[in-house]
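The following paragraphs walk through selected residues and side-chain pairs. Please keep the sequence and the model at hand while reading.

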Amino acid sequence: QLQLVDSGGGLVQPGGSLRLSCAASGFTRGYYTIGWFRQAPGKEREGVSCISSSGGSTNYADSVKGRFTISRDNAKDTVYLQMNSLKPEDTAVYYCAATLRLLSLWALCKESGRYDYWGQGTQVTVSS
């Protein structure tokens with residue numbers, strides 16, 4: 001079993017930055033694709049970004065391209081989501097998720113149903 005703990009959310013002004021972390025524990029020896037998702041009140045959960053097990057392949061939703069950067073440190077079993085130039089519409093609960101499936105295409109890794117393990121979520125609020 002794999003456990004994920006996501007953290008790093010908070011309240012930030014428009015234009016500000018936050019870095020989310022997703023720490024894995026338990027059976028971490030597998031080759032996991034990691035995805036970040038978000039869900040705003042009254043909206044469906046949407047894919048934000050994903051990264052391959054090696055970190056060599058990354059994908060982003062159009063709405064965050066150029067502003068968010070996903071990375072991973074496999075020595076620390078941690079994936080990061082650096083979020084810059086934040087906008088009010090980025091306000092949501094952010095979740096990280098993991099799967100052993102190889103999801104190198106955005107069309108695949110943006111789908112929440114393809115993931116088996118989920119973090120508890122961390123709130124990001126962008127407001128002045």
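Asp-116 is partly exposed, because its relative accessible area of 44% lies between the limits of 20% and 50%. The model discussed here is predicted. Asp-116 forms a salt bridge with Arg-101, and the closest N and O atoms of the two are 3.2 Å apart. The pair links distant parts of the chain: Asp-116 sits in the loop between helix 1 (106-109) and strand 10 (117-118), whereas Arg-101 sits in the loop between strand 9 and helix 1, and the two are 15 residues apart. Arg-101 is likewise partly exposed, with a relative accessible area of 39%.

How many salt bridges does a search of the whole structure find? The search finds six. Another of them joins the side chains of Arg-67 and Asp-90, with an N to O distance of 2.7 Å. Arg-67 is in the loop between strand 6 (58-60) and strand 7, and Asp-90 is in the loop between strand 8 and strand 9, so this pair ties together parts that are 23 residues apart in sequence. Are Arg-67 and Asp-90 buried or exposed? Both residues are buried. They also belong to a network of salt bridges that links Arg-38, Glu-46, Arg-67 and Asp-90.

A further salt bridge is formed by the side chains of Asp-62 and Lys-65, at 3.2 Å from N to O. Asp-62 counts as exposed, because its relative accessibility of 65% is over the 50% limit.

Backbone geometry is the next topic. Asp-77 is not a glycine, yet it has a positive phi of about 50 degrees. Asp-77 is located in the loop between strand 7 (68-73) and strand 8 (78-83), and at 29% relative accessibility it counts as partly exposed. Ser-85, also a residue other than glycine, has a positive phi near 50 degrees. Ser-85 is placed in the loop between strand 8 and strand 9 (92-99). With a relative accessible area of 39%, Ser-85 is partly exposed.

Gln-3 has a relative accessibility of 38% and so counts as partly exposed. Gln-3 and Ser-53 are 50 residues apart along the chain, and their C-alpha atoms are separated by 16 Å.

Terms used:
Residues numbered from 1 in each chain as written. Predicted model: local features only at pLDDT ≥ 70, side-chain atom pairs only at ≥ 80, totals over all residues. Heavy atoms only, no water. Buried < 20%, exposed > 50% of the residue type's maximum accessible area, 1.4 Å probe, protein only. Helix = DSSP H or I, 4+ residues; strand = E, 2+ residues; numbered from the N terminus. Salt bridge = Lys/Arg side-chain N within 4 Å of Asp/Glu carboxyl O.
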